[in-house]
Structures are given as C-alpha cells and as structure tokens.
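Subject: Structure handover

Hello,

Please find the structure below. My notes on its salt bridges follow it.

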Amino acid sequence: MKVYDIVFYGTKYQRSFSFRGGTNATAGTMPPRQPRWDDTFSYIANPDRFCRDNLRKYGPIFNTGVFGGTTIFVGSARANQMVFNGDLQYTEIALPDTTMDMFGEYSLFQRPDLHRQRKSALRLGLTGRFLEGYIPYINQAIAHGLQNWNVHRRIKLYPEVEKICFDLLTPLLLGVKLDDSDRQTFEGLSLSSKAELKALYKTYFDGFYGLWRWNSPLTAYGRGMKARTKLLEFMRAAIQHRKSAEDKINPTTDFLGMMLASQKENPNGVFSDALIENQCLLQLWASDYEISGLISSLIYQLGRYPEVVQKLRKEQAEIGSEQGNFRSFSVEQLKQMVFLEATIKETLRTLPPSSTAKRRLTKSVVLDGVLYAKGCSVMAEPRLAHIMAEHFPEPDRFVPERFLAPRNEGKMYEFIPFGGGVHACLGAQMAMVVTKIFAAHILHLFDWQLTQEATFVQFPLKKLKDDYEISLQKCESVT
C-alpha cells in the first residue's frame, strides 16, 4: 500500500492528510490526455494553437509532456487559484534548468524562503508614489521618441516601438541615458554602444529556453550565459558610476536609485550588491520585451478595430477638454482613461504574451474531483483561461467593454496576463502605465492602417515579427 500526502484544496477544512490506501483513497481522478513526446515542440511552435486544440478536446485541465515529465495545463479559475496559492505549501518553482541559470542565483525564483521579503522591497520602486513620480519623464521620453515617426510613411512596428521603450526604460530603471552620438555617456562602462547592449540582451533572451544545458558557443544556452556575464559587467559598472557620481542618491528618480538608497540606509538589508546587479539585469530585460510586445500588439489591434479608436479618441477629447494639454498626460488624466485601460486589458486577453511560471507539486492535491499528483508540474495558462466562454462570453470577439460595468468580466484568476500569487509580475503596474501613456500619445498624434495580416513570434514571448509594417500619418488636427 502507498502512503499518500494529499491536500484537499478549496474545502472548508483545507489541510494536508497523510494516509495509506489505494488510488480510490485519493478521491480524485487524473486529468485527461496522455503526455506525448512531441508536446514540447508542438507547444513552442504555436502555444495558442496547442492550448486551443486541447481545450476543445479535453477541457480546461489536461496532461501534457511540455518541458519534460508530466505538466498539467490548467485554465479554470479555481484551478488557477490553486496553482498560484501553493508556493511553500504544496508547490515549488519548476522552471527549466537553463532558465534558472539565466535568472541567476539572486533572482526572486532562486530563494523561495526570501522571495516575499525581496519582492516587497523591490515593489516599492515600481508602484505607488514612485511610479506616479516617473510619469512626467515617461511622457517626455515617449513624446520625444514619437517625433521620429514621420508623416505618410510605413514603419516596422515592433522595432520602432521597442526603440522608444528601450530609450525610456534604461534611464528609468538604471538611471543611465545611452546616447550613441555622445561617447561620454559610455565612459567607465564596459560597452561602447547602445546597439551592443541591445544585441547582448537579445542573445541573453534567446538562451532562456535553450534545449541543451551545454555551455558552448554552439548552443543558445552557452551564448546566453556568455551574454549574461557581459551584461552583469555593464550593470556593475553603471552602478559604480552612479555611486561615485552622487553623494546623496535620490530614491525617487529611478528604480536603481531606490535600491541604492535602501542599501545605504541598511547595508545589511535585502539589497546586496549582487542582488542589485541581478535585478537591474532582469528588470530591464523583462520590462523592455514585455512592454514593447504589449504596445505593438495594442497598436495592431486598434488598427483592426477603428470603431474602438473612435471611442478612445472621444474619451481622450472629454478628458483633454478639461486639462487642455495633450503633450503630457497627468496622473489624474490617466486614471480617467477607463476605456483605454479596458482596451489594453482586452489586448492582453486576446494576445497574452506568455504563460505563467511552472510549478512542481510537492504534495498531491485534490480539487473538484481532479487529482494533481505529487511530482507532476502545473501551469496556469492564460491562453486557456482567456478563451473560456465561462470566463469571457464570445471569447473570439475583441470587446473592451467586457472589462467595464455592467459586464465586469476579467475577475481574479480568470484574467491572468501577469500571473498571480507571490510570483505575479513585479512590473505589471509599470507596464500598464507606460502602455497607457504611449497609447494616449499616438491616438492624439497619428492615424494608421494595417498593411497586412500580422504574423507573430510565438515563443517564449508572443510579439509581432520584426518585419511587420503599418502605414502611418499625422492626424489632421495636429499641426
């Protein structure tokens, strides 16, 4: 007889039980579908199609062989809640070894016992009054970048958006403004150009899901690890430059400033040099790719639905008539842009950029008659949750109003673009603010038309392919 250590999740007396018995004693049945040897390749090729096809055949909970072993994909709200709330109780992070190496030993994933403490300390610089204090700079950086979007021209959408986001986020997160025309901006740093930094980030990013943990120039993993080393050297130099340049560091100017000021106040606290370097590396990487992907997807969706653009401009005109300023959108104006926020959420629902972090079950869990067996992995998948009619009626329609009263769809655990639980995305609020400001500016400045049906890079983050173009022209009302 086997000994079972089982959590009966969601019951009035939720707790763990250990007992002897056969499989009937678990009071649950395994999810449908057998893992297949080619699941990883099918998922990487097109996660949207993989999730949609299996949802149709098996429902919102099913077994896969994605990334080795048995990985249970879930999409229902109750199952998502179970996955997100299990850390240190019945789950542990189960990302591929290659990914964990890229994150590094000081990432939030590596020390679950310190995760809450570290994340609470880091969140300060990306939310609340700190984030509101960044808004004037975000306005300025976006307005400056959009000056290069000339009249009556075709632009490659993702690269042009990413260029603005990178120029915005590097000073916002690191306090470093890199200008290729001014060589002095690179003095004391380990890199000589912005292009070199971006190329290293691309190599680093490609290494995250390398299939072979072989540290060789012949593998994406090996090239990614080498790029990671060089990026950390850059971060280290940028941090030392900041420390030597400022006797008293202002914690509210940027993300790095917050960490350095906290370190100075409490040298033996959370913010060690190694943690600061690693967090600078990861925050710029994650923010640039995630935000650039979201903004370019939003612009694409608006090109498909001109009636949504008209509603957004109506909302903007009503807000702008009170303030009389379209050059810089204030905190108050942004809060009033409720339809714009709903449109961004609908973009995240229909084009979710990625899955959530995979967890491994350290105990068996029974929920709603389904047994999630110890040793298996579980993954709450937005590509399932966001197309379930139980969560979002008519899920294939692009309807921003679904996030507004009286519909009020997108409830917790049904709408999960930024994950959930202790591993929810640290920069979610910043991503929404930057996207909202970017969208507000382009809605005022430009009209645009799509040139063709979009094609997307599917994995590990969903984004428009670099060669996708839109036709752009300045709005007639803008002089």
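A salt bridge here is a side-chain nitrogen of Lys or Arg within 4 Å of a carboxyl oxygen of Asp or Glu. This is a predicted model, in which local features need pLDDT of at least 70 and side-chain atom pairs count only at pLDDT 80 or more, while totals for chains, interfaces and linings use all residues. Residues are numbered from 1 along each chain as its sequence is written, and side-chain values use heavy atoms, with hydrogens and water left out.

The search of the whole structure gave 31 salt bridges. Three of them are described here, with helices (H or I, at least four residues) and strands (E, at least two) taken as DSSP runs numbered from the N terminus. Buried means under 20% relative accessible area, exposed over 50%, and partly exposed in between (1.4 Å probe, protein chains only).

K436 and E341 form a salt bridge through their side chains, at 2.9 Å from N to O. K436 belongs to helix 16 (residues 428–445) and E341 to helix 14 (residues 338–350), so the pair ties together parts 95 residues apart in sequence. K436 is buried at 6% relative accessibility, whereas E341 is partly exposed at 30%.

E92 and R360 are also joined by a salt bridge (3.1 Å, N to O). E92 sits in strand 5 (residues 91–93) and R360 in strand 7 (residues 359–361), 268 residues apart.

K163 and E160 make a salt bridge of 3.7 Å, N to O. Both lie in helix 7 (residues 157–174), 3 residues apart, about one turn of the helix.

Regards
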